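Thank you all for coming.

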Number of protein chains: 2
Amino acid sequence: MDSSQTDAGGIVAGGSAAKVVSAGAERELIVSVLVALDVPVTAAEMQADQLVEADLRGHPSHGLQRLRVIVGRIRNGVTIPVASPTHTWRTPAFMQVSGGQGLGPVVAWGALEEISARARETGIAIAAVSNSNHVGMLSPYVERLADRGQLGLAMTTSEALVHAYGGRRAVIGTNPIAIAVPAQPQPFVLDMATSEVSMGKILTHRHRKEPIPLGWAVDEDGRPTTDPDAAANGAISPFGGAKGYALGLAIELLVGALTESALGADVRGTLDATEICNKGDVFLCADPTALGLGDPSQAFTAYLQQIRESGDGTQPSVSVPGDRSRAVREQRMRTGVPIAAAVWADAEELLREIVEAAQ
Amino acid sequence: MDSSQTDAGGIVAGGSAAKVVSAGAERELIVSVLVALDVPVTAAEMQADQLVEADLRGHPSHGLQRLRVIVGRIRNGVTIPVASPTHTWRTPAFMQVSGGQGLGPVVAWGALEEISARARETGIAIAAVSNSNHVGMLSPYVERLADRGQLGLAMTTSEALVHAYGGRRAVIGTNPIAIAVPAQPQPFVLDMATSEVSMGKILTHRHRKEPIPLGWAVDEDGRPTTDPDAAANGAISPFGGAKGYALGLAIELLVGALTESALGADVRGTLDATEICNKGDVFLCADPTALGLGDPSQAFTAYLQQIRESGDGTQPSVSVPGDRSRAVREQRMRTGVPIAAAVWADAEELLREIVEAAQ
């Protein structure tokens with residue numbers, strides 16, 4: 001059910017020709033693949049929605065192209081889609097979640113909904129998640145809290161891909177952080193890795209045989225490189241030099257302490273299809289009303305508009321975090337989602353393989 | 001009581017010749033100035049310690065050179081050193097602190113000690129501080145929590161000095177964040193502004209009539225500049241491009257929501273001597289034991305050592321946040337603190353003025 005080959009946000013996904021599909025068609029394909037693997041429908045839909053959201057928002061590294069690894073993990077028994085996560089409130093505001101190796105989005109949404117409700121009573125609530133899998137983009141989680149007038153913060157660790165400032169080897173995850181707060185007509189939504197770029201971007205350059213900009217990565221000897229092959233075997237640089245390095249490392253440590261998860265080079269299972277995932281995720285929700293505070297959204301709305309107008313002063317020329325991916329999302333909901341043709345073909349092939357194997 | 005003119009950490013403070021003094025002598029001078037203004041001795045010592053710590057750690061922008069503004073604020077009645085802050089627990093884990101326009105370090109330490117004790121019971125405790133004054137460097141606060149085996153996070157806002165990514169005008173504070181976690185032989189301590197540099201560094205270049213590196217700041221028309229005069233009338237750039245901008249803005253919003261303090265260009269009283277200070281500070285303490293978690297310090301110690309050795313692999317060549325300022329501090333405790341001669345002379349002059357005015 002393809003839509004026409006219109007420009008869908010101006011961003012071409014992946015490293016090859018793009019096919020434009022509707023979000024619904026992408027979702028349907030993913031759900032079909034997962035259900036054919038005996039994933040319960042609700043879980044399959046939650047996983048599919050998270051992949052589709054990434055493609056809709058212009059982040060294909062977290063979209064459909066991850067489906068083959070997810071399928072591989074399920075087949076290898078390291079992701080268990082029927083898992084029932086356990087929620088243990090250690091204090092009135094702190095919940096430990098053991099995901100039972102479940103699908104990342106299923107575990108994460110369950111944790112998020114519970115801390116959102118709890119924060120209505122306690123003002124602050126934190127979920128520390130372990131034994132889960134890759135949760136996908138962080139922005140949809142915190143954005144949902146902000147849509148309800150709450151403040152959201154999420155941090156997660158990943159396999160070590162990033163070198164320390166001044167270092168040569170990958171010792172830190174890409175460790176994204178997401179923060180959302182309410183505002184009109186839409187919330188402020190920050191969602192960023194603490195690496196200069198994603199490994200996905202480097203692999204895309206390798207696929208296209210294009211050099212990468214200096215500053216993105218170092219080779220296996222720790223030297224800055226423009227060669228995407230050398231970068232893929234080396235380490236990604238932290239964003240923003242010493243400060244970005246410090247922030248990424250702080251996230252590794254905070255998530256490590258709160259989730260009792262692995263650190264640095266010991267982290268497994270966020271990229272591969274064979275190992276149990278031992279990273280951690282932390283979600284924090286603050287509810288201004290329950291904290292006895294005023295609703296900040298009116299002041300935020302006015303302030304963020306000042307920010308948008310702080311360019312040349314005549315028209316909005318500065319982007320507030322969340323603005324761009326929302327605009328891309330809205331356009332793609334209308335005109336379709338560009339998916340690298342090879343990625344789409346691979347997902348269709350996955351479906352054929354699974355259906356045939358089941359017969 | 002000067003020590004000899006030895007190299008004290010290799011960093012020359014300020015924009016003029018440095019005088020080397022002992023930390024004790026610096027503290028004594030500051031306490032004398034404040035006590036002569038009828039500041040209670042305990043409060044004077046807390047303020048002095050915070051300024052001395054900054055000079056000891058190699059951050060003169062937060063050291064003795066701030067004394068004249070602090071004195072001006074007391075004389076103008078916008079800082080009230082005898083204030084009694086009010087602590088109101090809105091929930092078991094969330095305390096609102098109204099500082100009564102007290103000295104920043106006095107208000108902050110009071111808040112910090114209370115959330116540290118509370119976190120022993122509740123696992124997580126947050127202080128949201130308003131009606132206070134400049135708290136100085138953030139690292140000593142969170143470091144104290146880490147020394148006790150707790151996790152510490154601090155964020156504060158300031159007068160708008162930083163432009164948005166792609167923007168032209170100053171609309172965001174320098175908004176520092178500090179994070180500390182326990183490790184041996186010393187904790188991990190991140191303390192960084194979300195601006196590329198401090199305004200103090202730009203002013204030092206102006207004083208020395210030296211150009212600033214491109215990327216530090218823009219002029220009043222929003223154009224990148226190497227002219228420190230133009231920069232001082234323009235805006236400082238966020239660190240790390242779009243990501244650093246997003247982080248600084250997120251801190252402005254989170255602190256604004258939790259402390260109900262002013263935002264952006266409405267913030268006053270962190271640099272001037274005449275206006276009531278309306279920024280906010282947020283401190284968060286998490287206590288692993290009270291959260292039912294293991295002590296993370298052993299794993300952190302091993303991991304941080306791997307980070308230090310991730311350079312050329314044979315000797316520690318990578319710095320972990322906190323390492324450098326601690327090394328500078330230790331050396332300066334032995335050999336003395338370099339203070340810009342003009343800054344020291346000004347503090348001595350302040351003391352004479354106040355004593356004479358009181359006679």
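Let me begin with a term: rings of Phe, Tyr and Trp (its six-membered ring) pair if their centres lie within 6.5 Å, and planes under 30 degrees apart count as stacked, over 60 as edge-to-face and the rest as tilted. What we have here is a predicted model, in which local features need pLDDT of at least 70 and side-chain atom pairs count only at pLDDT 80 or more, while totals for chains, interfaces and linings use all residues. Residues are numbered from 1 along each chain as its sequence is written, chains are lettered from A and ligands numbered from 1 in the order in which they are written, and side-chain values use heavy atoms, with hydrogens and water left out.

Searching the whole structure gives five aromatic pairs over all chains. One of them is the tilted pair of A:Phe239 and B:Phe239, with 5.4 Å from centre to centre and 35° between the planes. This pair crosses between chains, and in chain A the residue A:Phe239 lies in the loop between strand E11 (235-236) and H8; helices (H or I, at least four residues) and strands (E, at least two) are DSSP runs, numbered from the N terminus.

How are the two chains related? A rotation of 180° with 0.0 Å of shift along its axis superposes chain A on chain B, with an RMSD of 0.0 Å, and the two copies are thus related as by a two-fold rotation axis. The superposition is by least squares on the C-alpha atoms of residues with pLDDT of at least 70 in both. Within chain A, the residue that comes closest to the rotation axis is A:Gly240, at 1.8 Å for its C-alpha.

Turning to the interface, the contact (heavy atoms within 4.5 Å) takes 63 residues from chain A and 62 residues from chain B. Between them the chains bury about 5200 Å², 74% of it on carbon and sulfur atoms, where buried area is the accessible area (1.4 Å probe) that two parts lose on being put together, summed over both. On the chain A side, A:Lys243, A:Leu253 and A:Tyr303 lose the most area to chain B, together 13% of what that side buries.

As for secondary structure, H8(A) gives the largest share of the side of chain A that touches chain B, twelve residues.

Finally, the backbone. Most residues other than glycine have a negative phi, and most peptide bonds are trans. The bond from A:Gln184 to A:Pro185 is cis, with omega near 0°, and A:Pro185 sits in the loop between E8 and E9 of chain A. A:Glu260, although not a glycine, has a positive phi of about 55°.
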